[in-house]
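Subject: Structure handover

Hello,

Here is the structure I promised you. Please open it alongside this message; my notes follow below.

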Amino acid sequence: MAMLPLTTESDAKRQVSPELAASYKRDLGIGEPLGFLRPWEKLWRGERLGTSAQGITGDELARKLSGSVGVGMMALPLALAWALGFALVRTQWRKGRWAALGDIVPALAFGTPVFIPALLFAPAVVERGHMLPELTAALVTSIWPGIFLGTLVGDALETELSRDYVRTALGKGLAPGTVLRRHVLPNVLPALLDAVGPVATTLLAGSFAAERVLGLPYFGQLYVLAVLNKQVAVVVVATTTFASLLVIVSLGVEVLRHVVDPRSREARA
Amino acid sequence: MSAVPSRARWGLVLLVGLGVLSLVAGRLFPEQLASACPLGVDPMRPDRTVCELAFGGLWVSLAVGLCAGGLGTLIGLLVAAVARLLGGAWEQTILRGVDAVFALPDVLVVMVLQLAGQSLADAGHSGGLGPFGLMVASLALVGWAGPARIFRNRLATLEGQEFVAAARALGGGGTHILRVHLWPALRPFALAVFLSRLPTAILTESTVSFFGIARMEPMSLGRYLGTSYAALIYEGGSRVVLPAWALLVLLVLGASLASQALSASPRKVT
């Protein structure tokens with residue numbers, strides 16, 4: 001693959017000066033035992049992270065993170081709505097001539113990175129307030145995870161609907177809606193919970209691109225700018241914070257599964 | 001070819017067609033493409049037409065996807081094979097490590113790896129990796145965990161079959177069974193897993209490049225979209241962005257169709 005060679009000038013610009021290298025080493029505790037905790041110590045003392053005024057304090061970090069989590073929280077119900085809608089429509093498509101759409105729509109959703117619908121909406125919403133950019137970010141972030149969930153729910157729904165207990169319940173005169181609500185959905189729920197962890201990760205990571213395009217000053221924007229500006233201390237703290245958030249989400253999903261799925265309680269007993 | 005399901009055939013035809021199109025249009029005859037492009041020039045790069053940038057980007061994105069997907073699948077296959085050969089507590093430990101890597105969000109980790117790789121390159125310790133190699137390595141380092149889990153589960157299923165029990169009873173060792181009996185049965189599935197990694201690698205690369213983090217030249221589809229998005233926002237230039245989007249969707253559609261059909265098709269194990 002052809003590469004453009006770096007010119008001497010741009011190469012020189014990219015060289016890190018000895019002072020800056022020493023500053024990075026000091027800030028990140030490189031070469032010291034438990035040195036990776038150094039940025040966290042600075043945050044704890046209320047100091048600004050990084051080697052320039054573009055760094056961030058703990059309070060600012062928490063505020064930006066809460067903004068991104070807020071966008072993710074708005075995106076989750078939207079994703080569930082997409083999922084339910086797509087699962088029901090896909091079940092109908094399976095029976096008719098539109099069966100191929102059941103494959104094409106997920107590919108279309110998956111093949112569309114979050115930044116593309118964000119770009120398409122951006123001219124209309126960037127300058128407007130009243131939470132419209134946040135809602136738009138949540139909407140564009142939720143499309144692919146919603147369709148993905150819908151595919152899983154649709155498959156689980158079809159499997160459950162073809163089981164004997166459904167036929168028995170219908171044969172005994174129960175209304176189809178009651179069978180769906182009382183018997184089928186509780187059995188579909190674990191499949192949904194299995195996917196919530198990865199979907200939450202996708203929603204939070206997807207909001208990075210949406211925030212960048214729509215100009216939202218939250219965690220995603222902070223992260224991308226920190227990487228672009230090589231603010232290593234900020235990247236270290238932001239990455240560990242984000243990973244901790246994902247662990248908390250996974251634990252939350254496990255607790256929820258324990259509460260709603262009797263089979264998981266039996267498996268542990 | 002008759003053993004390949006028709007949906008998989010459509011997907012493979014679409015993928016190969018896009019590859020050939022990008023090679024012919026974007027690399028072999030760029031002058032003809034530039035003169036015949038109905039979409040005009042890119043406002044951000046007036047020296048290039050939209051068609052040149054889109055098809056050139058498709059070629060680069062496809063190359064990144066194929067290399068990163070192939071490398072990630074190979075690493076996943078090796079990890080799964082080693083885990084199954086070791087068995088017991090070692091296998092469980094390896095699987096927990098695989099789960100930990102799998103839980104990481106691709107885009108973030110690739111961004112961090114790009115930052116680290118570029119810093120090393122700037123300090124003169126890149127080990128010969130250019131921006132393309134760095135991106136492929138980053139994507140492969142992130143993308144091996146999914147295939148490793150899938151291959152491990154498939155190997156465990158195959159090992160439960162009678163022909164493996166018979167081979168064991170006849171004194172076949174672990175590596176012999178893996179090489180002679182399991183690998184032929186796993187090969188078509190490995191192709192399906194590779195095809196499922198292809199769109200993920202392409203989309204992750206697109207997102208990271210869109211942010212302006214990767215320095216790849218010639219530009220991939222993601223980098224092209226990242227440098228041209230001002231045109232869409234401020235000049236209503238959907239003509240600039242929509243072709244690249246359509247190419248991305250077609251790539252993913254081809255890979256998804258082929259991967260799903262190949263992994264779902266029942267195959268006789270002999």
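Start with the salt bridge between Arg163(A) and Glu160(A), where the closest N and O atoms are 3.4 Å apart. Bear in mind that this is a predicted model. Glu160(A) is buried, because its relative accessible area is 11% and the limit for buried is under 20%. Arg163(A), at 39%, counts as partly exposed. Glu160(A) sits in helix α7 of chain A, which runs over residues 132–161. What does Glu160(A) touch, leaving aside neighbours within four places in sequence? The contacts are Tyr165(A), Val166(A), Val184(A), Asn187(A) and Val188(A).

Over all chains, the structure holds nine salt bridges. Several of them belong to a network in chain B. Its members are Arg84(B), Glu91(B), Arg152(B), Glu159(B) and Arg168(B). Look at Glu159(B) here. One salt bridge joins Glu159(B) to Arg84(B), at 2.8 Å from N to O. Glu159(B) is in helix α7 (residues 145–159) of chain B and Arg84(B) is in helix α3 (residues 50–86), so this pair ties together parts 75 residues apart in sequence. Another salt bridge joins Glu159(B) to Arg168(B), at 3.7 Å. Glu159(B) is buried, with 15% relative accessibility. Arg168(B) is partly exposed, at 44%.

Now the interface. How many salt bridges cross between chain B and chain A? The rule finds zero. The area buried between the two chains is about 3600 Å², and carbon and sulfur atoms give 79% of that. Chain B puts 40 residues into the contact, and chain A puts in 35. One example is Ser256(B). Leaving aside neighbours within four places in sequence, Ser256(B) is in contact with Ala107(A) and Phe110(A). Ser256(B) belongs to helix α11 of chain B, residues 238–264. Ser256(B) counts as buried, at 13% relative accessibility. Within chain B, its C-alpha atom is 14 Å from that of Phe189(B), a residue 67 places away along the chain.

On to the nonpolar cores. The largest has 101 residues. Which of them touch the most other members? They are Phe115(A), Phe219(A), Tyr223(A), Met111(B), Met135(B), Phe211(B) and Leu225(B). Take Leu225(B) as a case. Not counting residues up to four places away in sequence, Leu225(B) touches Phe115(A) and Ile116(A) in chain A, and Phe210(B), Val241(B), Ala244(B) and Leu248(B) in chain B. Apart from this core lies another, of 15 residues, including Leu77(B), Ala81(B), Ile177(B) and Ala190(B).

There is a nonpolar patch on the surface too. Val16(B), Val20(B), Leu23(B), Val24(B), Leu28(B) and Phe29(B) make it, over about 500 Å². Val16(B) lies in helix α1 of chain B, residues 6–28. Val16(B) is exposed, at 54% relative accessible area.

Last, chain A as a whole. It has 12 helices and zero strands. Of its 269 residues, 42% count as buried. Its accessible surface is about 14400 Å², with 65% belonging to carbon and sulfur atoms. Among contacts in chain A between residues at least 6 apart in sequence, 64% join residues at least 24 apart.

Best wishes

Conventions. Residues numbered from 1 in each chain as written. Chains lettered and ligands numbered in written order. Predicted model: local features only at pLDDT ≥ 70, side-chain atom pairs only at ≥ 80, totals over all residues. Heavy atoms only, no water. Patch = residues over 30% accessible without salt bridge, like charges linked within 9 Å, V, L, I, M, F, W, Y side chains within 5 Å. Areas by Shrake-Rupley, 256 points an atom, 1.4 Å probe, with all protein chains shown as cover. Salt bridge = Lys/Arg side-chain N within 4 Å of Asp/Glu carboxyl O. Helix = DSSP H or I, 4+ residues; strand = E, 2+ residues; numbered from the N terminus. Buried < 20%, exposed > 50% of the residue type's maximum accessible area, 1.4 Å probe, protein only. Contact = heavy atoms within 4.5 Å. Core = buried A, V, L, I, M, F, W, Y, C linked by side-chain atoms within 4.5 Å. Buried area = accessible area lost by both parts, 1.4 Å probe.
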